[in-house]
Amino acid sequence: MAANVQTENVLKQDERSGAPGLASTTATERAIVEICEDILQREGISPRDDFFDDLKANSLDLIRVFGRVNESFNLSLQASVLASEPTIARLACCVDAELHK
């Protein structure tokens, strides 16, 4: 339920702001971008950004992101799902796959 509320809030915010580049992203990606922007204290994060190379996040940041994502979507994903491609887009795919099991 919390994931739906957060996702709806992100969608409403995007519609109001007309934020460029977000039209091609999913609601899950936008929700995770919002989580990452909050935890990493930066704006303009893209779902295609690499957590380590582009966002300069460290392993503790990633643990915090996963904790918030798991809490928001009522899941228990492990950080190892991002071993080959550590991006928000990949994390969103994993979240969506778990939600639709």
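Reader: Leaving aside its neighbours within four places in sequence, which residues is Asn70 in contact with?

Author: This is a predicted model, in which local features need pLDDT of at least 70 and side-chain atom pairs count only at pLDDT 80 or more, while totals for chains, interfaces and linings use all residues. Residues are numbered from 1 along each chain as its sequence is written, and side-chain values use heavy atoms, with hydrogens and water left out. Asn70 lies in helix H3 (residues 59-73), a helix being a DSSP run of H or I of at least four residues, numbered from the N terminus. With contact taken as heavy atoms within 4.5 Å, the partners of Asn70 beyond four places in sequence are Leu75, Ser76 and Leu77.

Reader: Is Asn70 buried or exposed?

Author: Buried means under 20% relative accessible area and exposed over 50%, with partly exposed in between (1.4 Å probe, protein chains only). The relative accessible area of Asn70 is 13%. Asn70 is therefore buried.

Reader: At what angle do helix H2 and helix H4 pack?

Author: The axes are lines fitted to C-alpha atoms over the stretch in contact, and angles run from 0 to 180 degrees between N-to-C directions. For H2 (residues 27-40) and H4 (residues 88-99), the axes are 9 Å apart and the packing angle is about 125°.

Reader: Why is H2 described as oblique to H4?

Author: Angles under 35 degrees count as roughly parallel, over 145 as roughly antiparallel, 65 to 115 as roughly perpendicular and the rest as oblique. The angle between H2 and H4 is about 125°, and that makes the relation of H2 to H4 oblique.

Reader: Which residues of H4 make the contact with H2?

Author: On the H2 side, the contact is made by Thr28, Glu29, Ile32, Val33 and Cys36. From H4 come Ile88, Ala89, Leu91, Ala92, Val95 and Asp96.

Reader: What is phi of Gln41?

Author: Gln41 is placed in the loop between H2 and H3, and counts as exposed at 64% relative accessibility. Most residues other than glycine have a negative phi. Gln41 has a positive phi, near 55°.

Reader: Where is Lys56 placed?

Author: Phi of Lys56 is positive, near 55°. Lys56 is exposed, with a relative accessible area of 63%. Its place is in the loop between H2 and H3.

Reader: What pattern does the chain follow, read along the sequence?

Author: The secondary structure comes to 4 helices and 0 strands, a strand being a DSSP run of E of at least two residues. Read along the sequence, the pattern is α-α-α-α.
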